[in-house]
Amino acid sequence: MNSYRVGVQSDHELIVTLMTELVTELSPAEGPENIIQKLDEDIALALQSEKVRFFIVEHNGQIAGLARADILTEDPIFRLREDNRCGYLDQMYVREKFRKLGIGLELLRECEDWFRDQGIGHCLLHASLNAVG
């Protein structure tokens with residue numbers, strides 16, 4: 001059974017751990033160390049923002065993954081619209097032993113639902129060419 005919740009300040013360390021796993025697994029060209037050293041501050045700021053939500057998923061009581069949803073207001077694609085906000089899903093991670101259970105799809109839906117609740121009708125999904133799934 002999966003349960004989903006919004007990440008809060010007390011989840012900071014957990015979110016840093018999951019994001020470190022994500023960055024390490026995807027191994028960006030510039031190396032994960034450069035990004036990992038910035039995660040603590042980045043996540044602390046994101047947890048304080050009204051425009052960012054982390055969704056954490058547990059599968060049978062074990063932490064299985066997370067997704068980060070941001071509301072952008074400076075996206076060039078929507079600059080000419082009256083409401084230029086758009087949803088942005090940049091980071092989604094499911095731990096290896098929980099893959100192929102539909103958790104990624106459910107995390108995506110959690111993000112989409114939050115965007116809709118915010119009155120946002122468009123979402124951009126950023127995916128790595130190295131992503132697994």
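The legends below describe several views of one predicted protein model. In this predicted model, local features need pLDDT of at least 70 and side-chain atom pairs count only at pLDDT 80 or more, while totals for chains, interfaces and linings use all residues. Residues are numbered from 1 along each chain as its sequence is written, and side-chain values use heavy atoms, with hydrogens and water left out.

**View 1. Secondary structure of the protein chain.** The protein chain has 3 helices and 5 strands, taken as DSSP runs (helices: H or I, at least four residues; strands: E, at least two) and numbered from the N terminus. Their order from the N terminus is β-α-α-β-β-β-α-β.

View 2. The structure contains 0 disulfides, a disulfide being a pair of cysteine sulfur atoms within 2.5 Å. For Cys86, the closest cysteine sulfur is that of Cys123, at 7.5 Å, which is too far for a bond. The sulfur of Cys123 has its closest cysteine sulfur in Cys111, at 7.4 Å, again too far for a bond. Cys86 is buried, at 0% relative accessibility, whereas Cys123 is partly exposed, at 36% relative accessible area. Buried means under 20% relative accessible area, exposed over 50%, and partly exposed in between (1.4 Å probe, protein chains only).

**View 3. Extent and contacts of the protein chain.** The C-alpha trace spans about 45 × 35 × 30 Å along its principal axes. Of the 133 residues, 35% count as buried. Among contacts (heavy atoms within 4.5 Å) between residues at least 6 apart in sequence, 64% join residues at least 24 apart.
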